[in-house]
Structures are given as structure tokens and as C-alpha cells.
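I opened a new page for this one. My plan is to look up a few places and write down what I find.

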Amino acid sequence: MRTTGVIPSRPKRRLWFGSGIGRLNYRHKQRLFIYGGLLIPLIYFVVIRILPILYSFNVSFREWGMLSTDKPFVGFDNYATLLSDPLFLKSLVNTGIYVVVGVPAQLIAGLIVALLLQQVVKLRGLFRTAYFIPYVTSVVAVSWIFRWLLMKNGIVNALFIELGLGPQSFLYSPTQAIFWIIAVMVWQNIGFQMLIFLAGLQNIPKLYYEAAAIDGATGWQRFVHITIPLLNPVMLLSVVMASIGFLQSFTQVLNMTGGGPLDSTISVVLHIYNLAFKSFDMGLASAATVILFVIIFMLTLVQLKVLGSRFQQE
Amino acid sequence: MTKSGYFSFRPSKTLQFLIAGLLLLSITACSTKPSEESGSAGVTASGDQTEPITIEYWQYEFPAKVELINALIQEFETEHPNIKVKQTNFPYDQYNQKVATLVPAGKGPDVINLYYGWLPKYVQSGYLQPLPESSFPGIAEAFFPFVDTAKLNGSYYALPTGVRTLGLFYNKDLFTKAGLDPDKPPTTWEELVSDAKALTETDKNGQLVTEGFAWEPGSQLHHWFRDGLLYQAGGKDTSEDRRKILWKDTPAGLEAFKYLVDFATMHKVGINGFYTDDANAFKTGHAAINVDGSYRLGSIKKDAPDLNFAVAPLPGYKGKSTQASFWANAIPANVTGEKLEAATAFLQFLISKGVQEQWVEKVGELPAQKEVALQDKYVNDPLLGPFISQLNDANAHFFIDETQERTLFVNAVDEVMLNHVPEEQAFNDLVTKTQKLYDDYWAKQDKKK
């Protein structure tokens, strides 16, 4: 047993100014400021982002008619309905296609543009701007322009006929439409992807390349053994961001095909939108939202684990 | 001892967060309840004659309608000095979203303008109240028959000011160019096909240059099928109790479906997506004939003032029929007491003869009441006349879910077009799927009783 003696109190350290204010010393004030500064965005984040998510969990377990006052608890009924709904399953499969095709396409295209831009000295700014403009253009406007370009008697088809390729159905073909939508999404995101890769490339010390060149490594070897591994953290970010983006495909789909033809392009988010605001079934829509949330959450975790661990070993 | 006790329970960060979240969730879940009470607040103010009652009117943003309603509100307020009306508008795309988010929050309107196809959903949600019968007598006699669509569970829930029907728009210049008489539009199914063929123009690659018949199943053609072609061929849309789809009960359904699809597959006089859609193709002079609604008159006037076109009633076959659709005015369920009286008075005003006449002139929609519509000045109008003359033969089909029903129809046509599924099989599939939609709806309705 230890006895505690009375510790003589040290004279309080006082600041040379404002010593009277609420007896707070400098460190306390500093903390108050920092926590205050952190708390405000946190409250905002919780109220605007987290609470609605939790609330939609609640809605997903109810038969939530849009305007009815009676919202009975139905357990997992909504989930069961969704999982036996061929259209929802179709939208899941389609969303898978958006991700599996879209993400690599966007990454590769972005990387190629970034690598090419790095080689260019003249007019670099011009190219960079040109590639970035689509990213900051309204998605709805872009969708409609492509819808117009790709219509049966549109400019692209005129070109196809001139080249002897014959007219294509584009957005009216159940096999082609989804890939044209992906192409437009990728085209629009190249600028953003390029920018991230450019930043990543600039962080790779020139020293490594010089050393490799002295050792006689070819351009391809340098790319595979230096550029790719050192770009890994940037790529991880890109993969996660792009996956989430493609999992949430909506605006382009709604405006270019509306989910058709024959539901070949409908995405989960478009299906959610139709359930909520066309069929007014908030319960089903929330259940679908929760399913999508879980998918995004799991996929992101897996990506961070798999790709992240590789990065740490390097 | 105390030390170990202190350390024994130490929730992880995630758990702490979850608990906090759940607590907050339970708070918000409780706070959603009291919104119902706000509606009854108007009752307590009764007896006070000096204070005017304010009611709110909601409709979507359509400039001509918004302007006219503003003018009408002034007129109404002079007639009823103790009532004030406030108009609120939302963009069409967001209309349902706004209703979905604002109404449960207790910020609802007292009179609301709705597309008739949404009515079953709104009524099913318990959002509307039946119109008081004593204030709206003799609806069935005064209005054209299609207003029956607003009658659910035995009572009328909404009434229209104006309606639209489908008619045949045709480009007179293209008729002349093709050697057809621009004053003789097709009046039968057969004539429509032969005229469309004569009007179609293709280039050396076989690509369409001019559509003889604008073919866009997702626009109006699915309505044309259900309320035009089907009845003309001798069929019927649904059973009296609206539970059974009758398209397959007579050969008329398949005949109508084939007739519609053949324009694209056999006659090759039109394709979907030509100049983005049928209305656009017609306005730009790339389509010679288009089945469209009377509301298109206004947009043609605005977008293509030089277009030399005329309107004719829909071509007939064994009988005559066209589709009618309308935006109707209804009173939400939570409106009671004095507010209900004021809302009823405003709705009575909205369907009065004077308002309907202004509606034709300023908005371009047809009067919904026989007495108003069948006046000579409308019947003899070259553009309005063809639409008016069809009102008696107009059907407004009952919708369970407008979007889903349209998608099913478009998909059936696409199955034939893109997957070369035989027409009969695609049609049978369509009937089965549509019937399932109806069955699910009615099963839910029956469960509620």
C-alpha cells in the first residue's frame, strides 16, 4: 500500500495576456478550439450522412407506403421480395458489369493518358485541360449529347456507314447499350483519373529510373518494376473510388437509355429510384439501398485488404 | 479489485459509435409521429369569421398552367373574400419526390393536382379523401365517361379541369410531296398503313430519311394500343372491377398489338429513336404522321411555328376510340373542418364552366365536361375540333403503376424487334406480366380491408 502525501501545488502558469479569462490556460484553450473545430463537422456528418443511413435501415424493415401513416414492421419481407425479383437481380448483374468493365477501363485509360502527358513538354497544360473538361461538364448534358450522337440516324452511325461497317443499334441494342454507357462514363472520368495518376507519377523519385537505366533496364521493365509498384497507393485510391462510382451508376443510365432496352442497362441505383419515386415503395427502395450499401462496404474492405497489403509488402 | 472492475467493460470504438447511433435513431423515430396532429389545427380556429382561411394549392411547373392559376386565384378570392389561396409549384420531375418528402412532414397542400394514373397509388397510401358527394353531384352525367377512372372504391377522389386526347398529327407538306391529298388524312387502319408507306423515304443505304409514321412505343403508342387500337378492334382493357386484363380474351388484343408492331417490322415506315423521339422527328419535319396528344399543339406552336400540319381523329377500324388522360384535383386526407370547406369551394371553382373555358384558351387542354366542350366554337376549331369530336369515344385506362406498365409494353415490343420473339409469344408474355402487376396490387388492397 502506497500512501499518498500532499503534493505541493505548483504555481499556475499564467499567460502574459488574458490571464483573467475563465481561468483557462493556453493549452486548454487550444484544446477547446481543436475539439470545437472537429466537433462541428462531426455533428454535421452524423446528422446529414450517418443518421439517414441508419434511418434507411429502419425503413427497409417496414412496409413504407409513401404517404401512409401506417408503416407496419414486416421484418425481412422487403429483402425477400427483392431477392426473388428478377429485375432487381438483373440490376445487380448489370451493376457488376458496370464495375468489372468500367473500373479497369477507366484506370488503364487514365494511366495511359497520364504517362503520355508526362512525356509531353509542349502544350502540356492544354492537353491536361482538354482531358479534364469532360469531368467538370454536367453529366446530364453529356448523356444527352451522346444519346444524340449515338441515335440510329446520328453522326456516329453516318460515320460507320461511310466506313462500310454498317449501321449499329448502339443504345437500342440489348447487347451493346451497356458498353456504350460505360464508354461514356469512362470518357468522362479520364480527366480525374489522369490527374490522380499524374500526381502519383510525380512522386516517384527520378533517381530510381536513372539507377535502373544504368543497370540496363528496358522501358517496359522500368514501367513494370518501378512505376507500377510505386503507383500502388494511388491505384488503391483509384480502384476504391472508381468502384464506388460505378456501383452507383445512375445519371448516365437514366438519361441515355432509362434502363432499357429490355432492362439490359438498368443499374441498382436506377432500380432504387424507380421503386422509391415511381412506385412509391420506400420500404423496398430502402432495402435495396441497404443491400447496395453492404456490397459497397464489403467490396471496399476487400480491396483495401488485398491491394493495401500488397502495397505494404513492397 | 476496483481496478480490474474498471477495465472489465471497455466497449470498442465501433461499438460506442453504434450505440450512439442507435440512441439517436430512436430519438428520430419517435419524433416522426406528431406530424398528423398539425392537420387538425385549422378546426380550432373555427367561429372566427374575420380571419381568412388560407389554403394551399400544389401543381407542377408548367408555365401556362401556373400563370392561369394565379389569375384564377385572384378571381376566386374576390368571390370568396374569407379564403386565401396560395399556389406552390415543383418541377415535374421532382413532383412525386416533393410530395413524398414534404407531406409526411406535415407540410401538405389542401388541394393537389395529380396525374390520374397516380391516383390508385395515392389512394392506396391513404393520402386522399373521397370528394364530398353533396358538393359534387351528378359527376357521371356532366363529365365525359373517362372520368370514371378517378372513381375508386365507389367514390370519386379527384376531378379534372381539362383533359387531353390522342389524335393524328400529320405534315401537310410531306403529304403533298408524296403525292397524297393533304386534306384527306387516313381514316382507317388500312389507309394509315398505305399512306405511311407512301410517305416513307429512304436513302441509297436503306436508311430512313423521312418516317412515314413516327414510331415510338415509349411515348404515346402504348396508350394508343390500350385505349385506341384495342377498342377499335373490338376488345376491352380491363374487367369492370379492374382486376383482370382482358387483352387476351378476344382476338382483338393480338390483332392490335401486331398492327402496331408491324409498322416497324413489316412495313418499315418508322423506328424508335429517330431524331431522338417521335415528337422531335415530327416537329423537325422528319416524320409525316404522329399519334400524339392535344397538349402537343402548344409545343409545336412554340418550337416549330412554321410547320404546316393538321390534326385528324385517330383512324378507326371496327369501331372508334381514343385515349384520354388528365391531371385531376384532389383533396388530401388530412384536410378537415373549415379548410375542407374552403378546399371544396376552390375545387368546385376549378371545375366550373368559366374556368374550363379559360383553360382551353390559355393552356390548350380540352374541357372535361360535355356542356362546355360541345360548344360550336370548340367543335368547329380546325385544331381542337378533331380532339373534341373524339371525347365521347375516349377511354382513360386504369393504371396500377404507370412506369412499370409502360416498361412492360416497351419490353414486349423490344422482344419482337431485337430478339425476334414471335409477336404472339411477346404479346402473351406482356399480358401475363401486366396481369401479375394487377394481381399484386389487388392482393395488397384486399389485405388492407
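**Entry 1: a serine in a loop**

I began with the side chain of A:Ser279, which makes a polar contact with the side chain of B:Asp401 at 2.7 Å. A polar contact is a pair of N or O atoms within 3.5 Å; within protein, one must be able to donate a hydrogen and the other to accept it, and residues adjacent in sequence count only if both atoms are side-chain atoms.

I noted that this is a predicted model, in which local features need pLDDT of at least 70 and side-chain atom pairs count only at pLDDT 80 or more, while totals for chains, interfaces and linings use all residues. Residues are numbered from 1 along each chain as its sequence is written, chains are lettered from A and ligands numbered from 1 in the order in which they are written, and side-chain values use heavy atoms, with hydrogens and water left out.

I found A:Ser279 in the loop between helix H12 (268–277) and helix H13 (282–313) of chain A. Helices (H or I, at least four residues) and strands (E, at least two) are DSSP runs, numbered from the N terminus.

Is A:Ser279 buried or exposed? A:Ser279 has a relative accessible area of 8%, so it is buried. Buried means under 20% relative accessible area, exposed over 50%, and partly exposed in between (1.4 Å probe, protein chains only).

I then set aside the neighbours within four places in sequence and listed what A:Ser279 is in contact with: A:Asn274, B:Lys121, B:Asp401 and B:Gln404. Contact means heavy atoms within 4.5 Å.

**Entry 2: chain B as a whole**

I counted 20 helices and 14 strands in the secondary structure of chain B. Of its 449 residues, 52% count as buried. I took the contacts in chain B between residues at least 6 apart in sequence, and 74% of them join residues at least 24 apart.

Two packed helices are described by the angle between their axes and the distance between the axes. Axes are lines fitted to C-alpha atoms, for helices over the stretch in contact, and angles run from 0 to 180 degrees between N-to-C directions.

Angles under 35 degrees count as roughly parallel, over 145 as roughly antiparallel, 65 to 115 as roughly perpendicular and the rest as oblique.

At 3% relative accessibility, B:Leu68 counts as buried. Leaving aside neighbours within four places in sequence, B:Leu68 is in contact with B:Gln358, B:Trp359, B:Lys362 and B:Val363. The C-alpha atoms of B:Leu68 and B:Val355 are separated by 9.4 Å, though the two are 287 residues apart along the chain.

The axes of helix H10 (residues 217–232) and helix H11 (residues 252–265) of chain B come within 10 Å and cross at roughly 140°. H10(B) and H11(B) are therefore oblique to each other.

In the loop between H10 and H11 of chain B I found B:Arg242. B:Arg242 is not a glycine, yet has a positive phi of about 60°. B:Arg242 counts as buried, at 16% relative accessibility.

B:Tyr275 lies in the loop between H11 and helix H12 (278–283) of chain B. Its phi is also positive, near 50°. At 25% relative accessibility, B:Tyr275 counts as partly exposed.
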